[in-house]
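Here is a quick walk through a two-chain model, written for someone who would rather look at the picture than at a table. Keep the viewer open as you read.

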Amino acid sequence: MIVEGICVVIAIYCALRAVFERNTLKKLPFLNAMNFAVTGAIVLLMPHPITIGVAIAYFVGSTLESNAIASTIASWEEQ
Amino acid sequence: MIDILLAIPIAAVICLLLFGSIDFFWKLPKTGGVSGANAIEKAIENTGGDKNGGWMIGNIVTSPDASAGTLLAACGFYIWGIPGAIISIVLVFAGARICADKGYAGTSGAFAAAIVIWLLTTFAGFPPESFIVACIIAILFVQGISTKYASRIIGKIWRKLS
């Protein structure tokens with residue numbers, strides 16, 4: 001349970017850092033670290049072959065969301 | 001088999017060196033790959049961070065790079081051994097294309113991590129789950145403690161190496 005515990009503690013820490021960070025763009029690195037921890041927790045808590053696909057879908061999806069948020073703010077700044 | 005509490009810090013240093021060197025090889029701190037990465041670089045630079053470090057952090061956030069490849073290869077290897085790692089490499093390649101990333105940092109990172117994890121678990125007795133936690137701790141130091149100081153350290157190392 002030590003490894004799962006470390007993942008969950010890191011995920012909660014990063015989530016809190018993201019909540020208390022004011023700048024939206026600076027929230028994204030904390031969210032990225034949180035996504036790493038959540039992906040690790042998914043795999044460690046549910047070790048099944050299908051979980052590989054689930055974990056990668058979650059991670060790529062969350063990265064795509066961060067990409068979309070950052071690109072949208074970048075296009076606003078350009079305008 | 002090495003004790004997990006001893007294996008995690010050693011594996012964290014190995015993961016940090018592995019994905020750091022692959023990201024530097026693919027020149028992630030040189031420039032932003034997508035417009036979002038440039039926006040994150042500007043936000044970090046405005047609060048006292050470094051330009052090159054900001055680009056690297058921006059690129060890590062906006063597309064699956066070598067650190068993501070390392071984590072996902074570790075996850076695949078933990079669940080299903082070598083076939084799981086191969087599935088991870090293929091899905092990381094697809095994921096990078098979905099995120100409009102033209103580079104191969106994620107795919108090569110997953111491939112290199114799969115080989116390193118296989119070697120260390122087979123011959124050195126590291127538990128496979130230690131690499132999952134190790135990669136999360138390594139990325140916590142890059143992204144989750146202070147982007148200002150992390151970007152400065154990355155920028156310094158990048159300028160020395162290039």
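L16(A) sits in helix α1 (residues 2–20) of chain A; helices here are DSSP runs of H or I at least four residues long, strands are runs of E of at least two, and both are numbered from the N terminus. Is L16(A) buried or exposed? L16(A) counts as exposed because it has 12 C-beta neighbours inside 10 Å. The cut-offs: 20 or more other C-beta atoms within 10 Å of a residue's own makes it buried, 12 or fewer makes it exposed, and anything in between is partly exposed, with C-beta atoms placed from the backbone. From L16(A) to N32(A) is 16 residues in sequence and 13 Å in space, C-alpha to C-alpha.

This is a predicted model, so local features need pLDDT of at least 70 and side-chain atom pairs count only at pLDDT 80 or more, while totals for chains, interfaces and linings use all residues. Residues are numbered from 1 along each chain as its sequence is written, and chains are lettered from A and ligands numbered from 1 in the order in which they are written.

## The two chains

Chain A has three helices and zero strands. Its C-alpha atoms fill a box of roughly 50 × 25 × 10 Å along the principal axes, and 47% of its 79 residues count as buried.

Chain B has seven helices and, again, zero strands. With a radius of gyration of 15 Å, close to the 15 Å that the globule rule gives for 162 residues, chain B is as compact as a globular protein of that length. That radius is taken over C-alpha atoms, and the rule is 2.2 Å times the number of residues to the power 0.38. The box for the C-alpha atoms of chain B is roughly 45 × 30 × 25 Å along the principal axes, and 60% of the 162 residues are buried.

## Where the chains meet

On the chain B side, 38 residues are in contact with 39 residues of chain A, contact meaning C-beta atoms, placed from the backbone, within 7 Å. Helices α2 (35–46), α3 (51–62), α4 (66–98) and α6 (128–144) of chain B each supply at least two residues to that side. The most comes from α4(B), with 14 residues. By class, this side of chain B has 25 nonpolar, twelve polar and one charged residues. Nonpolar means Ala, Val, Leu, Ile, Met, Phe, Trp, Tyr, Cys and Pro; charged means Asp, Glu, Lys and Arg; the others, Gly among them, are polar.

## The core

Which residues touch the most other members of the largest nonpolar core? Out of 86 residues, they are A37(A), A74(B), I132(B) and I136(B). Such a core is a set of buried Ala, Val, Leu, Ile, Met, Phe, Trp, Tyr and Cys residues joined through C-beta atoms within 7 Å. Its largest share, 15 residues, comes from α4(B). Leaving out residues up to four places away in sequence, A74(B) touches A113(B), I117(B), F131(B), I132(B) and C135(B).

In α7(B), the buried residues are T147(B), A150(B), S151(B), I154(B) and W158(B). They cover an arc of only 95 degrees around the axis, so they lie on the same side of α7(B); the arc is that of the directions from the helix axis to the C-beta atoms. R159(B) and K160(B), on the other side, are exposed. The cover over the buried residues of α7(B) includes α2 (24–45) of chain A, along with α1 (4–25), α2, α3 and α6 of chain B.

How values were computed:
Two residues are in contact if their C-beta atoms, placed from the backbone, lie within 7 Å.
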